[in-house]
Amino acid sequence: MSTDISDLNGRPVIIGGGAAGLMTALQLAPEPVVLLSKSPLGAEASSMWAQGGLAAPVGADDSPALHLADTLAAGAGLCDAAAVSRDVHAAPAAGEQRAGLGVPFGPPADGSWRLGLEAAHRRNRIVHATGDGTGREIMRALIAAVRRTPSITLLEGVEARRLIVEDNAVRGVLAANASGALTITTNRVVIATGGIGGLFADSTNPGGCFGQGLALAAQAGAKLSDIEFVQFHPTAFDGPSRPMPLLTEAIRGDGAVLIDETGERFMADQPGAELAPRDIVARAVWGHRAAGHRTFLDARQHPGAEFAQRYPVISAFCKMAGIDPAHDPIPIRPAVHYHMGGITVDGFGRSTVQGLWACGEAARTGLHGANRLASNSLMEAIVCARWVAESIESVSAGPRAMLRDDAMPQASDPSAVRPILTQGLGVLRDRDGIARAIRSLYPLACGHSAASDAALVGLMVAVAAIRREESRGGHFRSDFPHIAASAVPSSLTRADALAAARDIVESTPFARSALS
(Lines give C-alpha, C1' and ligand atoms only; values in the text may rest on other atoms or scores of the structure.)
Protein backbone atom coordinates (compact mmCIF):
# COMPACT_ATOMS: atom_id res chain seq x y z
CA MET A 1 0.00 0.00 0.00
CA SER A 2 1.57 3.29 -1.09
CA THR A 3 -0.49 5.52 1.21
CA ASP A 4 1.15 6.40 4.53
CA ILE A 5 -1.51 5.38 7.07
CA SER A 6 -0.23 7.89 9.62
CA ASP A 7 -1.28 10.67 7.25
CA LEU A 8 -4.88 9.42 7.46
CA ASN A 9 -5.26 9.51 11.22
CA GLY A 10 -8.08 11.75 12.46
CA ARG A 11 -10.05 11.72 9.21
CA PRO A 12 -13.59 10.35 9.01
CA VAL A 13 -13.51 6.70 7.91
CA ILE A 14 -16.31 5.33 5.72
CA ILE A 15 -16.57 1.53 5.62
CA GLY A 16 -18.28 0.20 2.48
CA GLY A 17 -18.04 0.75 -1.25
CA GLY A 18 -21.71 0.70 -2.27
CA ALA A 19 -23.99 3.62 -3.11
CA ALA A 20 -24.42 4.74 0.52
CA GLY A 21 -20.69 4.80 1.26
CA LEU A 22 -19.73 6.50 -1.99
CA MET A 23 -22.46 9.13 -1.61
CA THR A 24 -21.41 9.89 1.96
CA ALA A 25 -17.80 10.38 0.87
CA LEU A 26 -18.86 12.70 -1.95
CA GLN A 27 -21.18 14.66 0.31
CA LEU A 28 -18.29 15.26 2.73
CA ALA A 29 -16.03 16.73 0.04
CA PRO A 30 -13.84 18.76 0.25
CA GLU A 31 -13.21 17.45 3.79
CA PRO A 32 -10.55 14.74 3.60
CA VAL A 33 -12.03 11.28 4.26
CA VAL A 34 -10.90 7.67 4.08
CA LEU A 35 -13.06 5.14 2.23
CA LEU A 36 -12.42 1.46 2.99
CA SER A 37 -13.65 -1.17 0.54
CA LYS A 38 -12.70 -4.81 1.06
CA SER A 39 -13.03 -5.43 -2.69
CA PRO A 40 -12.65 -3.28 -5.80
CA LEU A 41 -15.38 -0.63 -5.84
CA GLY A 42 -18.70 -2.07 -6.93
CA ALA A 43 -17.55 -5.70 -6.96
CA GLU A 44 -19.53 -6.72 -3.86
CA ALA A 45 -22.09 -3.91 -3.67
CA SER A 46 -25.77 -4.80 -3.87
CA SER A 47 -26.34 -1.34 -5.35
CA MET A 48 -24.62 -2.52 -8.53
CA TRP A 49 -27.35 -5.15 -9.00
CA ALA A 50 -30.36 -2.91 -8.40
CA GLN A 51 -32.72 -3.14 -11.35
CA GLY A 52 -35.91 -1.41 -10.31
CA GLY A 53 -34.85 2.20 -9.92
CA LEU A 54 -35.29 5.08 -7.52
CA ALA A 55 -38.74 5.82 -6.08
CA ALA A 56 -39.61 9.51 -6.26
CA PRO A 57 -42.99 11.32 -6.43
CA VAL A 58 -42.29 13.26 -9.63
CA GLY A 59 -45.32 12.29 -11.74
CA ALA A 60 -48.09 14.76 -12.50
CA ASP A 61 -50.59 12.58 -10.60
CA ASP A 62 -48.26 11.92 -7.66
CA SER A 63 -47.20 13.74 -4.49
CA PRO A 64 -44.96 13.21 -1.45
CA ALA A 65 -48.13 12.61 0.58
CA LEU A 66 -49.11 9.65 -1.63
CA HIS A 67 -45.58 8.24 -1.55
CA LEU A 68 -45.61 8.62 2.24
CA ALA A 69 -48.91 6.77 2.53
CA ASP A 70 -47.73 3.88 0.35
CA THR A 71 -44.49 3.53 2.33
CA LEU A 72 -46.32 3.53 5.66
CA ALA A 73 -48.81 0.93 4.41
CA ALA A 74 -46.06 -1.40 3.22
CA GLY A 75 -44.11 -0.94 6.47
CA ALA A 76 -46.96 -2.55 8.45
CA GLY A 77 -46.92 -0.15 11.38
CA LEU A 78 -43.18 -0.03 12.07
CA CYS A 79 -42.13 2.93 9.92
CA ASP A 80 -41.04 6.17 11.54
CA ALA A 81 -43.49 8.56 9.86
CA ALA A 82 -41.23 11.58 10.33
CA ALA A 83 -38.28 9.79 8.73
CA VAL A 84 -40.44 8.63 5.82
CA SER A 85 -41.81 12.12 5.25
CA ARG A 86 -38.36 13.67 5.16
CA ASP A 87 -37.06 11.03 2.73
CA VAL A 88 -39.92 11.19 0.24
CA HIS A 89 -39.84 14.99 0.17
CA ALA A 90 -36.10 14.87 -0.59
CA ALA A 91 -36.36 12.14 -3.26
CA PRO A 92 -37.15 14.31 -6.33
CA ALA A 93 -34.07 16.45 -5.78
CA ALA A 94 -31.97 13.31 -5.30
CA GLY A 95 -32.63 12.19 -8.86
CA GLU A 96 -31.64 15.58 -10.20
CA GLN A 97 -28.47 15.57 -8.10
CA ARG A 98 -27.44 12.19 -9.46
CA ALA A 99 -28.06 13.41 -12.98
CA GLY A 100 -25.39 16.02 -12.26
CA LEU A 101 -22.92 13.21 -11.60
CA GLY A 102 -23.68 11.60 -14.94
CA VAL A 103 -26.51 9.22 -14.03
CA PRO A 104 -29.15 9.42 -16.78
CA PHE A 105 -31.99 10.37 -14.45
CA GLY A 106 -34.33 13.22 -15.15
CA PRO A 107 -37.00 13.81 -17.77
CA PRO A 108 -36.07 13.79 -21.46
CA ALA A 109 -36.02 16.91 -23.58
CA ASP A 110 -39.81 16.97 -23.93
CA GLY A 111 -40.14 17.18 -20.13
CA SER A 112 -42.12 13.96 -19.71
CA TRP A 113 -41.06 11.21 -17.34
CA ARG A 114 -41.31 7.50 -18.16
CA LEU A 115 -42.09 6.16 -14.73
CA GLY A 116 -42.36 2.51 -13.79
CA LEU A 117 -44.91 0.84 -11.49
CA GLU A 118 -43.88 -1.61 -8.79
CA ALA A 119 -45.68 -3.54 -6.09
CA ALA A 120 -47.66 -1.61 -3.46
CA HIS A 121 -47.11 1.73 -5.21
CA ARG A 122 -50.40 3.37 -6.18
CA ARG A 123 -48.69 5.56 -8.74
CA ASN A 124 -46.06 5.09 -11.41
CA ARG A 125 -43.10 6.65 -9.58
CA ILE A 126 -40.03 4.50 -10.28
CA VAL A 127 -37.36 6.54 -12.05
CA HIS A 128 -35.09 4.36 -14.17
CA ALA A 129 -31.68 4.79 -15.74
CA THR A 130 -31.11 2.63 -18.85
CA GLY A 131 -34.04 0.27 -18.26
CA ASP A 132 -33.18 -2.45 -15.74
CA GLY A 133 -29.60 -1.26 -15.20
CA THR A 134 -30.31 1.56 -12.76
CA GLY A 135 -28.00 0.33 -10.01
CA ARG A 136 -25.16 -0.27 -12.45
CA GLU A 137 -25.53 3.26 -13.86
CA ILE A 138 -25.63 4.87 -10.42
CA MET A 139 -22.55 2.95 -9.31
CA ARG A 140 -20.68 3.72 -12.52
CA ALA A 141 -21.23 7.44 -12.00
CA LEU A 142 -20.49 7.39 -8.27
CA ILE A 143 -17.29 5.34 -8.67
CA ALA A 144 -16.03 7.75 -11.34
CA ALA A 145 -16.87 10.73 -9.13
CA VAL A 146 -15.08 9.22 -6.11
CA ARG A 147 -11.96 8.41 -8.12
CA ARG A 148 -11.69 11.98 -9.37
CA THR A 149 -12.32 13.61 -5.96
CA PRO A 150 -8.95 14.46 -4.37
CA SER A 151 -10.33 14.70 -0.82
CA ILE A 152 -11.26 10.98 -0.81
CA THR A 153 -8.48 8.52 0.00
CA LEU A 154 -9.71 5.21 -1.36
CA LEU A 155 -8.28 2.05 0.19
CA GLU A 156 -9.47 -0.91 -1.89
CA GLY A 157 -8.76 -4.42 -0.69
CA VAL A 158 -8.83 -3.25 2.94
CA GLU A 159 -11.31 -4.90 5.30
CA ALA A 160 -12.40 -3.37 8.59
CA ARG A 161 -12.22 -6.11 11.25
CA ARG A 162 -13.01 -4.24 14.49
CA LEU A 163 -13.88 -0.79 15.77
CA ILE A 164 -11.75 0.36 18.67
CA VAL A 165 -14.13 1.77 21.29
CA GLU A 166 -13.46 3.23 24.74
CA ASP A 167 -16.14 4.59 27.07
CA ASN A 168 -18.79 4.02 24.36
CA ALA A 169 -16.91 6.25 21.90
CA VAL A 170 -15.09 5.33 18.70
CA ARG A 171 -11.31 5.69 18.86
CA GLY A 172 -10.17 3.90 15.73
CA VAL A 173 -10.56 1.19 13.10
CA LEU A 174 -8.61 -2.05 13.06
CA ALA A 175 -8.33 -3.27 9.47
CA ALA A 176 -6.33 -5.62 7.29
CA ASN A 177 -5.25 -6.11 3.71
CA ALA A 178 -3.03 -8.59 1.90
CA SER A 179 0.04 -7.00 3.48
CA GLY A 180 -1.17 -7.28 7.07
CA ALA A 181 -2.85 -5.23 9.79
CA LEU A 182 -3.32 -1.48 9.87
CA THR A 183 -4.93 0.83 12.41
CA ILE A 184 -6.48 4.22 11.69
CA THR A 185 -7.16 6.46 14.66
CA THR A 186 -10.41 8.36 14.25
CA ASN A 187 -13.40 9.53 16.23
CA ARG A 188 -15.74 9.45 13.19
CA VAL A 189 -16.74 6.21 11.46
CA VAL A 190 -19.59 5.52 9.01
CA ILE A 191 -20.75 1.95 8.43
CA ALA A 192 -22.22 1.56 4.93
CA THR A 193 -21.61 -2.13 4.30
CA GLY A 194 -25.01 -3.14 2.93
CA GLY A 195 -27.19 -6.08 3.89
CA ILE A 196 -27.06 -9.67 5.13
CA GLY A 197 -28.12 -11.73 2.10
CA GLY A 198 -24.79 -13.57 2.06
CA LEU A 199 -25.84 -15.29 5.30
CA PHE A 200 -28.42 -17.28 3.30
CA ALA A 201 -27.98 -19.88 0.59
CA ASP A 202 -30.48 -18.26 -1.78
CA SER A 203 -30.00 -14.52 -2.17
CA THR A 204 -29.90 -11.81 -4.79
CA ASN A 205 -27.09 -10.11 -2.83
CA PRO A 206 -23.41 -10.64 -3.62
CA GLY A 207 -21.92 -13.32 -1.38
CA GLY A 208 -19.68 -10.72 0.27
CA CYS A 209 -22.69 -8.92 1.79
CA PHE A 210 -23.15 -10.90 4.98
CA GLY A 211 -23.62 -8.31 7.68
CA GLN A 212 -20.01 -7.36 8.44
CA GLY A 213 -21.07 -3.82 9.33
CA LEU A 214 -23.69 -5.11 11.76
CA ALA A 215 -21.02 -7.30 13.36
CA LEU A 216 -18.67 -4.32 13.69
CA ALA A 217 -21.42 -2.27 15.34
CA ALA A 218 -22.58 -5.09 17.60
CA GLN A 219 -19.05 -5.91 18.76
CA ALA A 220 -18.65 -2.18 19.53
CA GLY A 221 -21.74 -2.27 21.77
CA ALA A 222 -24.21 -0.52 19.45
CA LYS A 223 -27.91 -1.31 19.45
CA LEU A 224 -29.53 -2.99 16.44
CA SER A 225 -33.23 -2.65 15.65
CA ASP A 226 -35.85 -4.63 13.71
CA ILE A 227 -33.26 -7.10 12.44
CA GLU A 228 -35.78 -9.94 12.33
CA PHE A 229 -37.34 -8.33 9.25
CA VAL A 230 -35.75 -9.88 6.17
CA GLN A 231 -37.31 -9.24 2.79
CA PHE A 232 -37.53 -12.16 0.38
CA HIS A 233 -37.97 -11.07 -3.21
CA PRO A 234 -40.61 -13.32 -4.77
CA THR A 235 -39.11 -13.45 -8.27
CA ALA A 236 -35.46 -14.45 -8.26
CA PHE A 237 -34.37 -16.51 -11.26
CA ASP A 238 -34.56 -20.17 -10.23
CA GLY A 239 -31.18 -21.47 -11.34
CA PRO A 240 -27.71 -22.31 -10.02
CA SER A 241 -26.17 -18.82 -10.27
CA ARG A 242 -25.23 -17.03 -7.04
CA PRO A 243 -26.07 -14.29 -6.43
CA MET A 244 -29.42 -15.22 -7.88
CA PRO A 245 -30.37 -12.97 -10.80
CA LEU A 246 -33.34 -10.77 -9.94
CA LEU A 247 -36.47 -10.37 -12.05
CA THR A 248 -37.44 -6.84 -11.15
CA GLU A 249 -40.92 -6.06 -9.94
CA ALA A 250 -41.24 -3.61 -12.81
CA ILE A 251 -41.91 -6.59 -15.10
CA ARG A 252 -45.05 -7.34 -13.12
CA GLY A 253 -45.80 -3.62 -13.21
CA ASP A 254 -45.77 -3.99 -17.00
CA GLY A 255 -48.39 -6.73 -16.76
CA ALA A 256 -46.47 -10.00 -16.34
CA VAL A 257 -48.19 -12.60 -14.14
CA LEU A 258 -47.21 -15.54 -11.95
CA ILE A 259 -48.16 -19.04 -13.11
CA ASP A 260 -47.33 -22.64 -12.25
CA GLU A 261 -46.41 -25.55 -14.51
CA THR A 262 -50.08 -26.05 -15.42
CA GLY A 263 -50.46 -22.44 -16.53
CA GLU A 264 -52.65 -21.54 -13.52
CA ARG A 265 -52.33 -17.93 -12.39
CA PHE A 266 -52.20 -18.76 -8.69
CA MET A 267 -52.30 -15.18 -7.35
CA ALA A 268 -55.18 -13.93 -9.48
CA ASP A 269 -57.70 -13.92 -6.62
CA GLN A 270 -55.41 -12.27 -4.04
CA PRO A 271 -55.85 -8.55 -3.19
CA GLY A 272 -53.40 -6.74 -5.40
CA ALA A 273 -52.65 -10.00 -7.25
CA GLU A 274 -49.05 -10.01 -8.50
CA LEU A 275 -48.54 -6.43 -7.31
CA ALA A 276 -49.36 -7.12 -3.67
CA PRO A 277 -46.58 -6.23 -1.18
CA ARG A 278 -43.46 -8.35 -1.55
CA ASP A 279 -43.94 -10.35 1.63
CA ILE A 280 -47.40 -11.49 0.50
CA VAL A 281 -46.21 -12.46 -2.98
CA ALA A 282 -43.14 -14.24 -1.59
CA ARG A 283 -45.28 -16.33 0.78
CA ALA A 284 -47.67 -17.19 -2.03
CA VAL A 285 -44.83 -18.39 -4.26
CA TRP A 286 -43.21 -20.23 -1.35
CA GLY A 287 -46.48 -21.93 -0.42
CA HIS A 288 -47.25 -22.94 -4.00
CA ARG A 289 -43.80 -24.50 -4.32
CA ALA A 290 -44.23 -26.28 -0.98
CA ALA A 291 -47.40 -27.83 -2.39
CA GLY A 292 -45.31 -29.44 -5.12
CA HIS A 293 -45.63 -26.91 -7.94
CA ARG A 294 -43.03 -25.09 -10.02
CA THR A 295 -43.46 -21.35 -10.32
CA PHE A 296 -42.86 -19.02 -13.25
CA LEU A 297 -43.07 -15.39 -14.28
CA ASP A 298 -45.08 -15.18 -17.49
CA ALA A 299 -44.17 -12.12 -19.54
CA ARG A 300 -45.23 -13.54 -22.90
CA GLN A 301 -48.22 -11.23 -23.26
CA HIS A 302 -46.99 -8.26 -21.25
CA PRO A 303 -44.52 -6.84 -22.05
CA GLY A 304 -44.19 -9.59 -24.66
CA ALA A 305 -42.14 -8.61 -27.71
CA GLU A 306 -40.87 -5.47 -25.97
CA PHE A 307 -39.21 -7.44 -23.15
CA ALA A 308 -35.65 -7.33 -24.49
CA GLN A 309 -35.85 -3.61 -25.17
CA ARG A 310 -37.24 -2.76 -21.74
CA TYR A 311 -35.14 -5.22 -19.72
CA PRO A 312 -31.85 -5.80 -21.55
CA VAL A 313 -29.93 -7.11 -18.52
CA ILE A 314 -32.60 -9.66 -17.62
CA SER A 315 -33.05 -10.61 -21.24
CA ALA A 316 -29.33 -11.33 -21.51
CA PHE A 317 -29.14 -13.75 -18.58
CA CYS A 318 -32.38 -15.45 -19.67
CA LYS A 319 -30.83 -15.95 -23.09
CA MET A 320 -27.76 -17.54 -21.48
CA ALA A 321 -30.13 -19.98 -19.74
CA GLY A 322 -31.85 -20.81 -23.03
CA ILE A 323 -35.01 -18.82 -22.26
CA ASP A 324 -36.68 -16.19 -24.44
CA PRO A 325 -39.06 -14.24 -22.15
CA ALA A 326 -41.18 -13.22 -25.13
CA HIS A 327 -41.99 -16.90 -25.73
CA ASP A 328 -41.07 -18.84 -22.56
CA PRO A 329 -42.19 -18.57 -18.91
CA ILE A 330 -39.24 -17.72 -16.63
CA PRO A 331 -38.65 -20.05 -13.62
CA ILE A 332 -38.67 -18.12 -10.32
CA ARG A 333 -38.43 -18.65 -6.57
CA PRO A 334 -38.16 -16.38 -3.50
CA ALA A 335 -34.69 -15.31 -2.35
CA VAL A 336 -33.33 -13.03 0.35
CA HIS A 337 -33.14 -9.56 -1.10
CA TYR A 338 -33.12 -6.80 1.53
CA HIS A 339 -32.72 -6.31 5.26
CA MET A 340 -35.19 -3.82 6.73
CA GLY A 341 -33.49 -3.72 10.13
CA GLY A 342 -29.97 -2.75 11.03
CA ILE A 343 -27.91 -0.48 13.23
CA THR A 344 -30.19 1.76 15.30
CA VAL A 345 -29.71 5.36 14.12
CA ASP A 346 -31.40 8.72 14.53
CA GLY A 347 -32.36 11.15 11.77
CA PHE A 348 -28.71 12.04 11.17
CA GLY A 349 -27.45 8.45 11.05
CA ARG A 350 -25.96 8.53 14.54
CA SER A 351 -25.82 5.18 16.35
CA THR A 352 -25.90 4.58 20.10
CA VAL A 353 -22.07 4.63 20.13
CA GLN A 354 -20.52 8.09 20.04
CA GLY A 355 -18.71 8.75 16.78
CA LEU A 356 -20.38 5.88 14.90
CA TRP A 357 -22.84 6.54 12.08
CA ALA A 358 -24.58 4.14 9.69
CA CYS A 359 -26.04 4.76 6.24
CA GLY A 360 -27.90 2.70 3.64
CA GLU A 361 -29.05 -0.88 4.16
CA ALA A 362 -26.83 -1.35 7.22
CA ALA A 363 -28.84 1.32 9.07
CA ARG A 364 -32.29 1.13 10.58
CA THR A 365 -33.61 4.63 9.88
CA GLY A 366 -37.32 3.90 10.25
CA LEU A 367 -38.02 4.30 6.52
CA HIS A 368 -38.80 0.67 5.73
CA GLY A 369 -40.56 -0.62 8.83
CA ALA A 370 -41.43 -4.29 8.59
CA ASN A 371 -41.46 -4.45 4.80
CA ARG A 372 -39.55 -2.24 2.35
CA LEU A 373 -41.54 -0.58 -0.38
CA ALA A 374 -39.93 -1.35 -3.73
CA SER A 375 -37.20 1.06 -4.91
CA ASN A 376 -37.16 3.03 -1.67
CA SER A 377 -33.68 1.67 -0.88
CA LEU A 378 -31.73 3.54 -3.57
CA MET A 379 -33.64 6.64 -2.52
CA GLU A 380 -32.62 6.08 1.10
CA ALA A 381 -28.93 5.51 0.29
CA ILE A 382 -28.77 8.74 -1.69
CA VAL A 383 -30.82 11.13 0.43
CA CYS A 384 -29.64 9.93 3.86
CA ALA A 385 -25.96 10.27 2.90
CA ARG A 386 -26.40 14.04 2.94
CA TRP A 387 -27.75 14.09 6.49
CA VAL A 388 -25.01 11.75 7.70
CA ALA A 389 -22.39 14.00 6.10
CA GLU A 390 -23.90 17.12 7.69
CA SER A 391 -23.77 15.45 11.10
CA ILE A 392 -20.15 14.35 10.68
CA GLU A 393 -19.12 17.85 9.59
CA SER A 394 -20.41 19.19 12.90
CA VAL A 395 -17.98 16.96 14.84
CA SER A 396 -14.35 18.01 14.91
CA ALA A 397 -11.48 15.56 14.81
CA GLY A 398 -10.56 14.38 18.29
CA PRO A 399 -7.08 14.23 19.80
CA ARG A 400 -4.79 11.49 18.51
CA ALA A 401 -5.70 8.46 20.57
CA MET A 402 -3.12 6.11 22.06
CA LEU A 403 -4.56 2.86 20.79
CA ARG A 404 -4.18 -0.43 22.58
CA ASP A 405 -2.73 -3.38 20.75
CA ASP A 406 -5.94 -5.21 19.89
CA ALA A 407 -5.75 -8.73 18.50
CA MET A 408 -6.64 -8.96 14.83
CA PRO A 409 -9.77 -11.09 14.26
CA GLN A 410 -9.77 -13.57 11.42
CA ALA A 411 -11.33 -12.69 8.08
CA SER A 412 -14.97 -13.70 8.21
CA ASP A 413 -16.34 -16.73 6.41
CA PRO A 414 -20.15 -17.16 6.51
CA SER A 415 -20.25 -20.59 4.85
CA ALA A 416 -20.95 -22.45 8.12
CA VAL A 417 -23.81 -20.05 8.93
CA ARG A 418 -25.67 -20.15 5.60
CA PRO A 419 -27.38 -23.54 5.99
CA ILE A 420 -28.43 -22.69 9.55
CA LEU A 421 -30.17 -19.43 8.66
CA THR A 422 -31.59 -20.82 5.43
CA GLN A 423 -33.29 -23.61 7.36
CA GLY A 424 -34.46 -21.69 10.42
CA LEU A 425 -35.08 -18.09 9.28
CA GLY A 426 -36.76 -18.49 5.90
CA VAL A 427 -39.97 -17.11 4.43
CA LEU A 428 -41.99 -19.09 7.01
CA ARG A 429 -40.70 -19.38 10.57
CA ASP A 430 -41.72 -21.11 13.79
CA ARG A 431 -40.33 -21.31 17.31
CA ASP A 432 -38.84 -24.78 16.99
CA GLY A 433 -36.98 -23.91 13.80
CA ILE A 434 -35.68 -20.62 15.17
CA ALA A 435 -34.61 -22.29 18.43
CA ARG A 436 -32.67 -24.93 16.51
CA ALA A 437 -30.88 -22.16 14.64
CA ILE A 438 -30.03 -20.42 17.93
CA ARG A 439 -28.61 -23.62 19.41
CA SER A 440 -26.40 -24.07 16.34
CA LEU A 441 -25.28 -20.44 16.12
CA TYR A 442 -24.56 -19.79 19.79
CA PRO A 443 -21.27 -21.72 20.11
CA LEU A 444 -20.03 -20.25 16.83
CA ALA A 445 -20.89 -16.71 17.94
CA CYS A 446 -19.09 -17.23 21.26
CA GLY A 447 -15.95 -18.52 19.58
CA HIS A 448 -13.09 -16.90 17.71
CA SER A 449 -13.27 -18.69 14.38
CA ALA A 450 -13.80 -17.31 10.89
CA ALA A 451 -17.52 -18.01 11.35
CA SER A 452 -17.90 -16.01 14.59
CA ASP A 453 -18.90 -12.58 13.29
CA ALA A 454 -21.35 -14.00 10.75
CA ALA A 455 -22.77 -16.29 13.45
CA LEU A 456 -23.20 -13.33 15.81
CA VAL A 457 -25.28 -11.44 13.25
CA GLY A 458 -27.32 -14.55 12.49
CA LEU A 459 -27.82 -15.19 16.20
CA MET A 460 -29.06 -11.65 16.78
CA VAL A 461 -31.52 -12.00 13.90
CA ALA A 462 -32.74 -15.31 15.35
CA VAL A 463 -33.16 -13.95 18.89
CA ALA A 464 -35.14 -10.96 17.57
CA ALA A 465 -37.27 -13.37 15.51
CA ILE A 466 -38.04 -15.73 18.39
CA ARG A 467 -39.04 -12.81 20.59
CA ARG A 468 -41.50 -11.41 18.00
CA GLU A 469 -44.49 -13.66 18.51
CA GLU A 470 -46.59 -12.29 15.68
CA SER A 471 -46.49 -12.08 11.89
CA ARG A 472 -45.76 -8.65 10.46
CA GLY A 473 -44.24 -7.67 7.12
CA GLY A 474 -41.17 -9.71 6.25
CA HIS A 475 -41.38 -11.71 9.50
CA PHE A 476 -43.99 -14.49 9.33
CA ARG A 477 -44.44 -17.00 12.15
CA SER A 478 -46.60 -19.99 11.23
CA ASP A 479 -47.17 -20.55 14.96
CA PHE A 480 -48.22 -16.89 15.42
CA PRO A 481 -49.87 -16.04 12.08
CA HIS A 482 -51.77 -12.96 13.26
CA ILE A 483 -50.51 -9.40 13.55
CA ALA A 484 -50.32 -7.96 17.07
CA ALA A 485 -52.57 -5.07 18.02
CA SER A 486 -49.65 -2.72 18.58
CA ALA A 487 -46.47 -2.34 16.54
CA VAL A 488 -43.32 -2.18 18.65
CA PRO A 489 -39.83 -1.92 17.13
CA SER A 490 -37.32 -4.43 18.44
CA SER A 491 -33.99 -3.42 19.97
CA LEU A 492 -31.07 -5.67 20.75
CA THR A 493 -27.41 -5.49 21.74
CA ARG A 494 -24.78 -8.21 21.48
CA ALA A 495 -24.98 -8.77 25.24
CA ASP A 496 -28.79 -9.05 25.10
CA ALA A 497 -28.63 -11.57 22.29
CA LEU A 498 -25.98 -13.76 23.91
CA ALA A 499 -27.85 -13.82 27.21
CA ALA A 500 -31.15 -14.74 25.54
CA ALA A 501 -29.49 -17.39 23.41
CA ARG A 502 -27.74 -18.90 26.42
CA ASP A 503 -31.09 -19.25 28.19
CA ILE A 504 -32.53 -21.07 25.18
CA VAL A 505 -29.51 -23.35 24.83
CA GLU A 506 -29.43 -24.22 28.52
CA SER A 507 -33.19 -24.81 28.71
CA THR A 508 -33.15 -27.72 26.26
CA PRO A 509 -33.28 -31.28 27.68
CA PHE A 510 -30.13 -32.16 25.74
CA ALA A 511 -28.20 -29.27 27.23
CA ARG A 512 -29.40 -30.07 30.77
CA SER A 513 -28.40 -33.72 30.51
CA ALA A 514 -25.02 -32.82 29.04
CA LEU A 515 -24.32 -30.43 31.90
CA SER A 516 -25.47 -32.77 34.69
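## Charged pairs and their surroundings

Author: In this predicted model, Arg278 has a relative accessible area of 6%, so it counts as buried, the cut-off being under 20%. The residue that Arg278 pairs with is Glu249: their side chains form a salt bridge, with 2.8 Å from N to O. This pair ties together distant parts of the chain, since Arg278 belongs to helix H7 (residues 278-290) and Glu249 to helix H6 (residues 249-253), 29 residues apart. Glu249 is buried because its relative accessibility is 0%. In general, side chains of opposite charge can pair when their charged atoms come close.

A second pair is Asp62 with Arg125, whose side chains also meet in a salt bridge, at 2.8 Å from N to O. Here, too, distant parts of the chain are linked: Asp62 lies in the loop between strand E3 (54-55) and helix H2 (64-74), while Arg125 lies in the loop between strand E4 (115-116) and strand E5 (126-127), and 63 residues separate them. Both Asp62 and Arg125 are buried.

The whole structure holds 27 salt bridges.

Thr24 sits in helix H1 (residues 19-28) and is buried, because its relative accessibility is 0%. Leaving aside residues up to four places away in sequence, Thr24 touches Ile14, Val190, Cys359, Ala385, Val388 and Ala389.

Helix H12 (residues 431-446) and helix H14 (residues 494-507) pack at an angle of about 120°, and their axes are 9 Å apart. At that angle, H12 is oblique to H14. The crossing of H12 past H14 is left-handed. From H12, the residues Ala435, Ile438, Arg439, Tyr442, Ala445 and Cys446 meet Leu498, Ala501, Arg502, Ile504 and Val505 of H14. By class, the residues of this contact are 9 nonpolar, no polar and 2 charged.

Methods
Residues numbered from 1 in each chain as written. Predicted model: local features only at pLDDT ≥ 70, side-chain atom pairs only at ≥ 80, totals over all residues. Heavy atoms only, no water. Axes fitted to C-alpha atoms, helices over the stretch in contact; angles between N-to-C directions. Helix = DSSP H or I, 4+ residues; strand = E, 2+ residues; numbered from the N terminus. Parallel < 35°, antiparallel > 145°, perpendicular 65-115°, else oblique. Left-handed = near helix turned anticlockwise from the far one by under 90°. Contact = heavy atoms within 4.5 Å. Nonpolar A, V, L, I, M, F, W, Y, C, P; charged D, E, K, R; others polar. Buried < 20%, exposed > 50% of the residue type's maximum accessible area, 1.4 Å probe, protein only. Salt bridge = Lys/Arg side-chain N within 4 Å of Asp/Glu carboxyl O.
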